[in-house]
Amino acid sequence: MSEVELLTIDYDDGYTGYARYWRPRGAARGAVLYLHGIQSHGEWFEDSAAQLAEAGFHVLLPDRRGSGRNDRERGHARSAGGLLRDVAVAVDWLQTCTGMPTVHLVGVSWGGKLALAAAMRQPERFGNVVLVAPGLFPQVDLPAGEKVKVGLAALFQPQRRFPIPLNEPELFTDNPVRQKYIRDDPLRLREATARFLLASRVLDIRISRTAGRRTWPFAVTLLLAQKERIVDNEHTRRFAESLACRQVRIVEHPAAAHTLEFEPEPQGYWRNLVAAVSAE
């Protein structure tokens with residue numbers, strides 16, 4: 001199994017963030033930027049990242065600013081544009097390190113939203129975009145009254161924190177071992193600031209306004225979990241099918257829950273992930 005390297009990335013506003021990096025086993029086939037979800041961090045996805053490296057890919061898996069091992073400004077992001085610039089800096093790092101002209105994107109859960117917004121912002125930089133149970137259309141969301149509070153706080157108390165409404169590990173997986181891991185994870189992000197939540201909503205708006213305006217040069221693969229409790233699969237599937245991309249593929253994993261990585265036997269997911277990144 002490929003070994004992970006721990007490193008830091010300096011973003012354009014002076015923020016330094018932690019990341020994990022895997023070098024490919026054998027000749028390099030490409031480079032992958034792997035984006036995690038809203039509560040998770042890079043450690044959750046080390047196994048699938050290692051599988052991609054075994055298949056011949058450079059893999060960079062950053063902990064998003066304010067999450068994972070990044071203690072500074074916990075749960076905070078100033079804007080959607082700032083989050084997208086962080087992705088662009090990570091792509092710069094990966095291309096400089098590997099010499100690859102384009103990068104493949106993997107986005108899991110909320111990271112799928114960020115991945116798609118980044119691909120639409122700079123489409124020429126990306127090859128395959130793989131959205132794993134992407135958080136484009138959530139089943140679980142803040143109550144309407146709480147959203148009003150978030151909107152007001154974003155204007156007057158931008159770093160006021162709100163609970164992320166995903167506290168039950170059973171939403172993520174049916175695997176008891178992984179439920180315990182999620183429950184006990186000290187790095188799991190349980191709160192986000194009003195400004196981060198506003199930035200997340202702005203990403204939604206950017207995607208909805210941009211999606212149908214042009215033909216996209218990248219391919220999209222949608223990997224879904226049949227026993228999904230966090231995102232709306234049907235809405236997500238219809239949206240993906242409407243995209244004018246080079247190619248759209250949809251794969252559903254029977255009897256699997258949201259975090260496909262945490263299935264007792266995730267080998268089928270790994271195979272589909274590698275195939276999606278490798279697709280011509």
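The largest pocket is lined by 28 residues, and Lys 113, Pro 138, Asp 141, Ser 200 and Asp 204 lie nearest its centre. Two or more lining residues each come from α3 (110-121), α4 and α6 (194-210), with α6 giving the largest share, 7 residues. Helices here are DSSP runs of H or I with at least four residues, strands are runs of E with at least two, and both are numbered from the N terminus. A pocket is an open set of points on a 1 Å grid over the protein atoms alone, where a 1.4 Å probe fits, with protein on both sides within 12 Å along at least five of seven lines; lining residues have an atom within 4 Å of a point.

This is a predicted model, in which local features need pLDDT of at least 70 and side-chain atom pairs pLDDT 80 or more, while totals for chains, interfaces and linings use all residues. Residues are numbered from 1 along each chain as its sequence is written, and side-chain values use heavy atoms, without hydrogens and water.

Helix α4 (residues 144-156) also contains Phe 156. Phe 156 is exposed, because its relative accessible area is 66% (over 50% is exposed, under 20% buried, in between partly exposed; 1.4 Å probe, protein chains only).

Strand β2 (residues 16-22) holds Ala 19. Ala 19 counts as buried because its relative accessibility is 0%. Beyond four places in sequence, Ala 19 touches residues including Leu 6, Ile 9, Leu 60 and Arg 69, a contact being heavy atoms within 4.5 Å. Ala 19 and Arg 69 are 50 residues apart in sequence, with C-alpha atoms 8.9 Å apart.
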